[in-house]
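Here is a short report on one protein chain. It starts with the whole fold and ends with a single residue.

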Amino acid sequence: MKTILLRLCICLIFCPIAFSQTTFGPRTNIDPDTEDEPYEIESGDLDGDGTIDLVMATFDFVGSIDYIKWYKNDGAGNFTIQPTISSTITYIDGLAVADIDGQFGEDIIVSSQNLNRVAYFLSDGAGGFGAETVIDNMILAPGEVKAGDINLDGNIDIIVPSFSEFKTVWYTGDGTGGFAAEQIIQIDAGGVDTPYFVDVADYDGDTDLDVVIGIYNFPGPQRVEIYYNQYIESGTSTVSWIKDTQTVDGAMNRIQNIIFGDVNNDGQLDVVSTDINAGEVTWYNKIKNGTSTPTIVSDATITGSPALAYIADIDNDNLNDVIVTDFGVSDDDIIWFKGNSNASPDTAPSLITDNNFQNVDITVADFDNDTDLDIATVGNFSDTVDWYENELIVLEVDDNFFEGLKIYPNPTQNVLHIKTERNEISNLSILDAVGREVMQVSLKSTTSIDVSQLQAGIYLIKFEGVNTTYKFIKK
């Protein structure tokens, strides 16, 4: 499981906009057959076109073939299955998306549990990905993969726990696709503590990235620890690590997910865990080198086998909410708890879907460019990739004039696409923020407008014969 760092959405798109209660639409299937055991999903602009795409990886206990597949988004939430990235790297237990080399779109980083390998695939600038490049092929049973700038040099580094070597390590990236040998974050020389789940964020607020680790300890119990990056504190511009003097949680049954996130919306990061055996999703108000106060968000009466917790503002009230998925088949598959200011989330959840697909992993982003956050999932039981549209914001258009109007991507840097189901030609004007016309275009059913020469800012689209104008942002 994994979560990714929250993407900030710019809330100016095209108008008018109608606000409603936060509900999610029915399941939209993207891939009806991922092959067995889809286990990881991530989102990002994989081809550099300004829209948020998806990547999925499988973890097949039975078969001999695992897959990494990606799905191109047209900017309106219509995904198409692209050629398979890899079918040779197996038992993929970690998946991350980040721009490793500073070129084209975001790249894909994976770990293979049985091949003892961490590797990546670079976006090639032509709508595809290059061959597998190995970062480390001697790390035993790697787990989750996280990406972040650990040493504050502007380049992406990689963080990975090694289950069979009782350690968590990081690899320094050079910004061009090269990575140095592993460096240790945490290690148990006694061969007892086995890390498997990690997350990365600036927990102590000193601008460098810290790490939270979910540690298996046989026969148990399992626990959660924070390791602080000393890059800033040391004053030496070198990375070293110090474990918090007090454990976040030392009495867990079976950790399934560990993340950082501001759950109580007080401006300070918290730690969140899921315990699949206890059926509990818990957030911790943890003081650095001090007390850790646990509060249960969801217990076994709500979701008996929680897989994942995800922190995001899905109702656009500037407060983080908590999304929870179920690894079992008897409870609601995805639910969410409304966040509150300086307080725990609501105790009663709202339903997103109940399809018993075992949505072991999700990713959250604005897939249809309407300024609210949608959810994409992998169904571990159904072998599918699906997404659910957040229907909080409804884009109102004059249906008598334009049928199926779509304007994307928004914001955009180079090209703005406009689609409508009407075939007749109409004229449109692009106006700057003070109402001056800067461009005039003849609109057909599909029109692509080169806006690369426009200065960054907010622009209006005005269609001939229509009083309503629509905003877009030029980056």
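## Basis

This is a predicted model: local features need pLDDT of at least 70, side-chain atom pairs count only at pLDDT 80 or more, and totals for chains, interfaces and linings use all residues. Residues are numbered from 1 along each chain as its sequence is written, and side-chain values use heavy atoms, without hydrogens and water.

## Overall fold

The chain has one helix and 38 strands. These are DSSP runs, numbered from the N terminus: H or I of at least four residues for helices, E of at least two for strands. The radius of gyration (over C-alpha atoms) is 23 Å, close to the 23 Å of the globule rule for 475 residues, so the chain is as compact as a globular protein of that length. The rule is 2.2 Å times the number of residues to the power 0.38. The C-alpha atoms fill a box of roughly 75 × 50 × 45 Å along the principal axes.

The chain exposes about 18500 Å² (Shrake-Rupley, 1.4 Å probe). Carbon and sulfur atoms supply 49% of that area.

## Phe381

Phe381 lies in the loop between strand E29 (374–379) and strand E30 (384–388). Phe381 counts as exposed (over 50%) because its relative accessibility is 58%.

Beyond its neighbours within four places in sequence, Phe381 contacts Asn356, Phe357 and Gln358 (heavy atoms within 4.5 Å). Glu37 is 344 residues away along the chain, yet the C-alpha atoms of Phe381 and Glu37 are separated by 7.1 Å.

Terms used. Buried means under 20% relative accessible area, exposed over 50%, partly exposed in between (1.4 Å probe, protein chains only).
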